[in-house]
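Student: I am new to this model and would like a close look at one part of it. Please keep it brisk, and tie that part to what surrounds it.

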Amino acid sequence: MALPKPQKVLTLSESSYLVEVLKGMVLTMGHLIKNIFDQDRFRTIEYPDVRKPMTARYRGAHRLLLRPDGGLKCVACMCCPTVCPAKCINIVAGEAENDPAEKFPITFDIDMLRCIYCGFCVEACPKDAIRMDTKIYEINAYTRSDMVHSKAYMVNLMDGLKPEAGAAYRAEQGLAPDGYTNADSAPEGSPR
Amino acid sequence: MSEFWLDMLVVVLRCVFSVAFVMNIVPLMIWGERKGAAYIQDRPGPNRAPIDLPNPADLPRLLSAALRGEPLDYKPVVSLRAAGLIHTLTDVVKLAFKEDITPDHVEKFYWFIAPVIAMSIALCTFAVVPFGDSFLGYNLQVSSLDGGLLFVLAMTSLGVYGIMLAGWASNNKFSLLGGLRASAQMVSYELAMGLSAVVVFLSAGSVSLAEITRQQGEALSIFGLVEIPALNWNVFSPFGLLAFILFWVAVFAETNRTPFDLPEGEAELVGGYHTEYSSFRFALFFMAEYANMIVAAAVTATMFFGGYNVPLFSGAFLRENADMVLAVLGLGAIPAFLGLAVVAWKRRGRPFYAAIPSDDPRRNEPAFFTAVWLGAAAAHGGLGVAGLMGGLTGLSALVGVEGLGADLLVFVLHVSSLGVKVLIGGWIFIWVRWTLPRMRYDQLMNLGWRYMLPIALVNVFCAAGWIILRHELFA
C-alpha cells in the first residue's frame, strides 16, 4: 500500500498568503488586459446568432428515411423499440397491400422526453430507415405531447431543417409530404 | 427664518448627494463585476439585452397597436445595448415585477425588516464620509460627527444585523447557518479592523473623518528632507501601510466578499441568508452588498488615501489658481479626445471577436468597458460640469457670491478624486473575487484570530512608538 505523500511545507511567503494572492491577481489581470485587446481569445460562441458546426457523427433528432419511390424504408420489424434502452419508441405495425414492403408502421412515435440519444435504434435498423444525423439539438415544445415526434414530423426533418422548412423543401422538390408519392400508393389506415 | 430654510436645504442636498453618489455607482459596479468576470474568464460577458429604438415613422402605427393591446413588432433603427449596461436595468425591472413570495414558515416582522436594515445601514455609513472640503463655507459631509470613524465602525457592526435577522427569521437551516457564519465572521474581523483604524487615530490625533482627511491634504515630508504637496496620506507611513493591508482584508470579511463570502456559500448553503427572499427583497440584499462595498471603499480611501484630496494639489492651491486649473483641464481634454480618435482610427478593420458578426457593434464592448472604468470618475464628477465651470465663474460675478466658481470647481475635482478612489477600491473587490477561491471556515477563523489580530496589536504599539520618535526627531 502506497503511503500518502507528505504535505508540502509552505514557505513563509506562501503561508502569509499575500504574495500568492498578488501573483494570482497579476494572472487574472493579464487575462483581462489580453482579452480587452484581442477578442479572438474568447472561447464563447454567441449561440443563437452563431452556431457551432456539428460533426458528422453528432447524434441529434431522429429522422425517418424514404425509398427512392417515396415510400418509408421502415418495415416495422420492431428492432429499434426492442433495443431501445429508454423504451421511448412506440410502433404500431400495419399490413401494406399496394406497397412493395409488406409491413409498414401505422404510427412511429419517439418520446423525446425519454430518449437518451444513445443511437442504438440507428445501429439496430436493418433497413437504414432511421438516422440521427439531422444535427438538430434544440428539441423543445410547450407540452409533453408535442415532445413525442410522430412519423410525419420525423420524415420532414431534413439535415438541419425543422419540419416546416423540411416540408417546404419537399414540396419544392416534388416529394410527397409524408413519405408516400400519392394517395393511391398510401396503404389503408396510414396517417397523412 | 430664511437662514434656517437655507440650512435645511443644504442638509437635504447633502443627503441626496451622498445617497445618489452611492446608488449611482451600484449599477456600474454590478456591470463591472459581470463584464470584469467575463474578461478575466475569457468570455465576452453579458451583451444581449437591448433597448430597441423604433423608427420614428413607425411610431403612430406602434402607438395604435399598443392601445389595441397587440404585440409590437418593428425593426429597430438603433439597438442600444451599452455593452451590457442594459442588463442591470432589465434585472431591476425583472426583480420589481417578480412575484414576492413570503413563505409561511418565516418570522414575518423580522423577515420583512431584514433587507431594509441591510440596505439602510449601508447607506447610513456614508453619512460621515466627507466628499469635499467646503462649499461656500458649508461642510461637504452629511453629518460632521466628531466621532466619525467610531460611527463607521458602529454602523458596519450594525450591518450584520440585516444578515443575521434574515438568516434567523427565514426559519430554515441553510439561512440560519449563513447568518451564524456572518455574525461569527463579523466578530472575528471587527477587532483587526478597529485596531488598524487606531493607527489612523493616532497619527491624526482625531477620530473625525473630516479632520483625518484635512490632515492628509497637507504636504508629505520625508524625514524633513523633501516635501511633496497634498500627499500626506496615511498609507505612506510605514505602519499606516500595514494598517491599510489589515484594514482592507478585514473590509473584505465585513462586506462578505470573496474570499470571505461564507455567509452565502452557495455550494453548501443554497443561497445562504437570502435563500428565502425573492423579488425586490432579494434586490435590496443584492444592492446592499454593492452599497456596502462602495461605502467600504470610500471609508478606506478617506482613512488611508487622502479621501477627497487631489494628489499633489491641495484645495487651497486649486482655489487660488481656479482659472489656471480650468484652462489646463480644458486644454487637456483636446489631446485626450485626439488620442481617442487616433486609437479609433488605428483599430478600424482590425480582426475582432470571430464569433460576433462583423457588422455587430458588440465588438466594441471591451473598448467601451475600459473607457467607462477609466472615465467613470470624469463622468461622475462630470467633465461636462467642468466645462460649465467657466460660465459659472462669470455667473458668480453676476450673482455676487464671492468665489462660487472656484468653490464649484474644487467641489467637482474633489468628488471626482473620491470617485476615482472608490472605483479603484471597487475594482479591487471585483478583481479579488474573480481571482481567489473561497476560504474554508477554519482558515477564516485562523487568519482572523491567530494572524491578523496579533499583527494589528503589535502594529498599534509600533505606530505609537514611531509617532513619538518622529515627533522627537523631526519636530
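Tutor: Buried residues make up 24% of the 192 residues in chain A. Buried means 20 or more other C-beta atoms within 10 Å of a residue's own, exposed 12 or fewer, partly exposed in between, with C-beta atoms placed from the backbone. The model is predicted, so local features need pLDDT of at least 70 and side-chain atom pairs 80 or more, while totals for chains, interfaces and linings use all residues. Residues count from 1 along each chain as its sequence is written, and chains are lettered from A and ligands numbered from 1 in written order.

Start with the layout. Chain A has six helices and five strands (DSSP runs numbered from the N terminus: H or I, at least four residues, for helices; E, at least two, for strands). Along the sequence, the pattern of chain A reads α-α-β-α-β-β-α-β-β-α-α. Take the contacts in chain A between residues at least 6 apart in sequence: 66% of them join residues at least 24 apart. A contact needs C-beta atoms, placed from the backbone, within 7 Å.

Now the sheet itself. Three strands of chain A make an open sheet, in the order S2-S3-S5, with antiparallel pairing. Strands pair if DSSP finds at least two bridges between them. S2 (89-95) and S5 (148-149) of chain A are the edge strands; each has a single partner strand, so one side of each has no neighbour in the sheet. Look at S2(A) and S3(A), residues 103-111: they run antiparallel and are joined by seven bridges.

Next, follow the chain into its loops. Tyr117(A) lies in the loop between S3 and helix H4 (120-124) of chain A. Its phi is near 55°, a positive value in a residue other than glycine. Is Tyr117(A) buried or partly exposed? Tyr117(A) has 15 other C-beta atoms within 10 Å, so it counts as partly exposed.

Lys135(A) sits in the loop between strand S4 (130-131) and S5 of chain A. Phi of Lys135(A) is near 60°, which is positive in a residue other than glycine. Lys135(A) has 17 other C-beta atoms within 10 Å and is therefore partly exposed.

Turn to chain B for another antiparallel pair. There, S3 (residues 132-135) and S4 (residues 138-140) pair over three bridges, in the antiparallel sense. S3(B) and S4(B) form a hairpin, with two residues between them. Leu136(B) in that turn has a positive phi of about 50°. Phe135(B) stands opposite Tyr138(B) in S4(B).

Last, the cores. The largest nonpolar core holds 114 residues, of which Ala118(B), Ala250(B), Ala291(B), Ile294(B) and Ala298(B) touch the most other members. Such a core is a set of buried Ala, Val, Leu, Ile, Met, Phe, Trp, Tyr and Cys residues joined through C-beta atoms within 7 Å. Helix H10 (residues 279-304) of chain B gives the most to this core, with 17 residues. Apart from this core lies another, of 25 residues, among them Leu72(A), Val75(A), Ile136(A) and Tyr153(A).

Ala118(B) shows the packing up close. Leaving out residues up to four places away in sequence, Ala118(B) touches Gly159(B), Gly162(B), Ile163(B), Leu284(B), Phe285(B) and Ala288(B).

Key: Two residues are in contact if their C-beta atoms, placed from the backbone, lie within 7 Å.
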